[in-house]
Amino acid sequence: YDTRSGIWSLNGPVWHTGQAMRAVLIAWRRTQDPTLLEAALAMGEYVARNVVSDPNDPNRGLLLAYEGDNVTINNQTALETLPGLFDLADATGDERWLDLARQAGDFVVQGYLPDEGLIPDHYHVADARFVPDPDNPYPGRIMLDDAALVTLTERTGDVRYRDAFLGMAERGLREEDPPGNWIVFPPWHADTGRIHIRCSWWWGRPMLTAFDLTGDRRFFDAAVRAGQWYTDHQNLDGGFYYAPLRNGRHGSFALATSGSAVAAILWAELYA
């Protein structure tokens, strides 16, 4: 809601719904309140309506995870939607939710560039083609988010997802800068000096999964550096700013509660 203009707008409703589904199902598991499961199912149906289902459509299986426009899909956020579908499949025993996740994952993995270890940032729906972000010096980014691709391999037995994940994790080790973070990849051009507060969550935390899969200590150490990056950028009262610069400077009114949330989860996992 823009307080200056008085206008409401949407930002990434599909993938945000997928993430909200996870939270609602956590609450349902702890309370067994049936209205929470009903809400999660309604959210799942919303996500399902945004998967292209027409078998004659060249975009069949595409999850319409629009973000800032209604032209291109953000492939990273498409993957961030999938854990909610995994959780809903577990809660209901209905394989339909897993199948939707598989379709969406298959579509994104079509764009994987094995020689680069990257997936193009976006997919242009009308043109039916993968496109890089104009602020990205590379043809894509490392879509390790939530280790969703590894979960797809675990649920389906298809190793393509895991192999793409590990290829991108290797690229992540090469592109890490500053330590524990990845300024080179969008949402902003590296020249701005801005770092999204959740970059270390998107691409640092899944390094623990890469370590679990391979036993390679390099991945574990990268996850530790991500945890240290959060420690270095935490305010004295526990808060975080949305887009700190490389040197730690930030806007005065740009607190992001999501930073506190993801840092807490990562720290707990590193402690364990």
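This is a predicted model: local features need pLDDT of at least 70, side-chain atom pairs count only at pLDDT 80 or more; totals for chains, interfaces and linings use all residues.

Modeller: The volume of the largest cavity is about 30 Å³. Its lining is made up of Trp182, Ile183, Phe185, Pro186, Pro187, Trp188, Arg194, Ile195, His196 and Cys199. Sorted by class, that lining has eight nonpolar residues, one polar and one charged.

The largest pocket holds about 490 Å³ of space. It is lined by 19 residues, and those closest to its centre are Gln19, Asp146, Trp201, Val262 and Ile265. Four helices each give at least two residues to this lining: α1 (13–31), α3 (75–92), α7 (199–204) and α10 (257–271). Helix α1 provides the largest share, seven residues. The classes in the lining of the largest pocket are nine nonpolar, three polar and seven charged.

The second largest pocket holds about 370 Å³. Its lining has 22 residues, with Trp15, Glu67, Asn74, Thr77 and Pro187 the closest to the centre. Pro187 is also among the residues that line the largest cavity. At least two lining residues of the second largest pocket come from each of α1, β1 (72–74) and α3. Here the classes are seven nonpolar, nine polar and six charged residues. Helices α1 and α3 also supply at least two residues each to the lining of the largest pocket.

Three strands make up an open sheet, in the order β1-β2-β3, with antiparallel pairing. β1 and β3 (129–131) are the edge strands, and each pairs on one side only. From one strand to the next, the twist averages 30 degrees. Three bridges join β2 (residues 122–124) to β3 in the antiparallel sense.

Glutamine 76 sits in helix α3. Its relative accessible area is 2%, so glutamine 76 counts as buried; the cut-off is under 20%. Leaving aside neighbours within four places in sequence, glutamine 76 contacts Asp121, Arg141, Met143, Asp145, Trp202 and Trp203. Two of these partners, Trp202 and Trp203, fall within the range of α7 (199–204). For a sense of distance, take asparagine 181. Glutamine 76 and asparagine 181 are 105 residues apart in sequence, and their C-alpha atoms are 16 Å apart in space.

Glutamine 103 belongs to helix α4 (residues 95–109). Its relative accessible area is 16%, and therefore glutamine 103 is buried as well. Not counting residues up to four places away in sequence, glutamine 103 touches Val51 and Gly61.

Terms used
Residues are numbered from 1 along each chain as its sequence is written. Side-chain values use heavy atoms; hydrogens and water are left out. On a 1 Å grid over the protein atoms alone, a cavity is a set of points where a 1.4 Å probe fits but cannot get out, and a pocket is an open set with protein on both sides within 12 Å along at least five of seven lines; lining residues have an atom within 4 Å of a point. Grid points are joined across faces, edges and corners, and a volume is the space filled by probe spheres set on the points. Ala, Val, Leu, Ile, Met, Phe, Trp, Tyr, Cys and Pro count as nonpolar, Asp, Glu, Lys and Arg as charged, and the others, Gly among them, as polar. Buried means under 20% relative accessible area, exposed over 50%, partly exposed in between (1.4 Å probe, protein chains only). Contact means heavy atoms within 4.5 Å. Two strands pair if DSSP finds at least two bridges between them. Axes are lines fitted to C-alpha atoms, for helices over the stretch in contact, and angles run from 0 to 180 degrees between N-to-C directions.
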